[in-house]
Amino acid sequence: MRRPPQTISVVTPVHPASIPYLTDAYASLRAQRMPPGWQWRWLVQEDGQTGEVAAALPQDRRISVGHNRPGGPGVTRTMALSRVNGPLVKVLDADDRLTSDALVRDIAVLTADPTVGWTTAAALDLLSDHSTVRMATDPPGGRLPAGTVHRSWQEDAYRLPVHPATLCIRTDLLLALGGWLALPASEDTGLLLAASTVSDGHFIDEPGLLYRKWPGQATNQQAHWSPTERADRIQVIESRVAALARLRIGPTSSTPQGR
């Protein structure tokens with residue numbers, strides 16, 4: 001009997017300003033080659049209940065649209081988990097684009113080694129003139145032992161050495177960590193640091209994402225750089241990492257493979 005395909009669930013939170021970019025995000029998903037026995041499903045979640053997101057998307061059985069009352073990106077991402085039904089979850093922000101074969105590379109790493117709980121990849125900043133710039137802080141490709149991402153974050157003035165918008169994570173690990181933090185921003189940083197505290201990861205040196213730089217993105221807003229709020233976000237993330245380290249949850253040798 002033929003086995004049903006495995007699913008990688010691509011989670012995308014959307015707020016009104018990012019709706020115009022969904023077409024590009026969808027095109028990058030549709031262009032993905034999938035390994036035998038795998039399929040993608042796009043879980044698009046609106047932060048609000050306007051109905052505008054559903055209207056902006058094409059008819060495609062692989063797209064699942066949900067919505068929640070306004071709660072910010074962390075709440076919106078986590079609400080999308082109610083529709084996940086596969087072993088892997090991939091992050092894709094509404095204003096970004098996957099590069100060719102990004103999903104193939106994520107799946108290859110996570111199916112080859114059950115002791116790796118998550119992957120990130122190199123990212124290219126996509127500028128308004130359509131040129132791209134690679135992050136200068138990328139580590140060498142390969143395994144990232146548990147704890148190394150957090151140490152680097154602390155030592156580099158709370159800047160991550162890998163891009164959280166490229167994260168692919170085992171569904172069971174994501175659920176065990178409670179999803180994304182309910183913060184107004186840095187919820188993706190918080191999840192990545194939590195996952196990298198309890199499980200080894202893997203950095204894919206080949207670019208997997210075009211990270212769009214534009215005035216409306218959340219990290220360009222003044223509130224994002226409020227010293228008081230930023231300090232509070234860092235403190236919450238640090239406290240979560242410290243608690244996970246003390247509890248010794250999810251040793252690397254038994255990282256779950258997903259559902």
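Predicted model: local features only at pLDDT ≥ 70, side-chain atom pairs only at ≥ 80, totals over all residues.

Colleague: Where do Arg143 and Asp200 lie in the chain?
Modeller: Arg143 is in strand β8 (residues 142-144) and Asp200 in strand β10, so the pair links distant parts of the chain, 57 residues apart. Helices (H or I, at least four residues) and strands (E, at least two) are DSSP runs, numbered from the N terminus.

Colleague: And is Asp200 buried or exposed?
Modeller: Asp200 counts as buried, at 10% relative accessibility, while Arg143 is partly exposed at 38%. Buried means under 20% relative accessible area, exposed over 50%, and partly exposed in between, with a 1.4 Å probe and protein chains only.

Colleague: Which residue does Glu187 pair with?
Modeller: Glu187 forms a salt bridge with Arg77, and their closest N and O atoms are 2.9 Å apart. Glu187 sits in helix α7 (residues 187-198) and Arg77 in helix α3 (residues 73-80), so this pair ties together parts that are 110 residues apart in sequence. Both residues, Glu187 and Arg77, are buried. Shared partners also join Arg77, Asp93 and Glu187 into one salt-bridge network.

Colleague: Nice. What about Asp205?
Modeller: Asp205 has a salt bridge with Arg134, again with a closest N to O distance of 2.9 Å. Asp205 is in strand β10 (residues 200-212) and Arg134 in strand β7 (residues 132-134), 71 residues apart. Asp205 is partly exposed at 40% relative accessible area, and Arg134 is partly exposed at 34%.

Colleague: How many salt bridges does the structure hold?
Modeller: There are 13 salt bridges in the structure.

Colleague: Changing topic, how many helices and strands does the protein have?
Modeller: Eight helices and ten strands. The radius of gyration is 17 Å, close to the 18 Å that the globule rule gives for 259 residues, so the protein is as compact as a globular protein of that length. That radius is taken over C-alpha atoms, and the rule is 2.2 Å times the number of residues to the power 0.38.

Colleague: What share of the residues counts as buried?
Modeller: Of the 259 residues, 53% count as buried.

Notes
Residues numbered from 1 in each chain as written. Heavy atoms only, no water. Salt bridge = Lys/Arg side-chain N within 4 Å of Asp/Glu carboxyl O.
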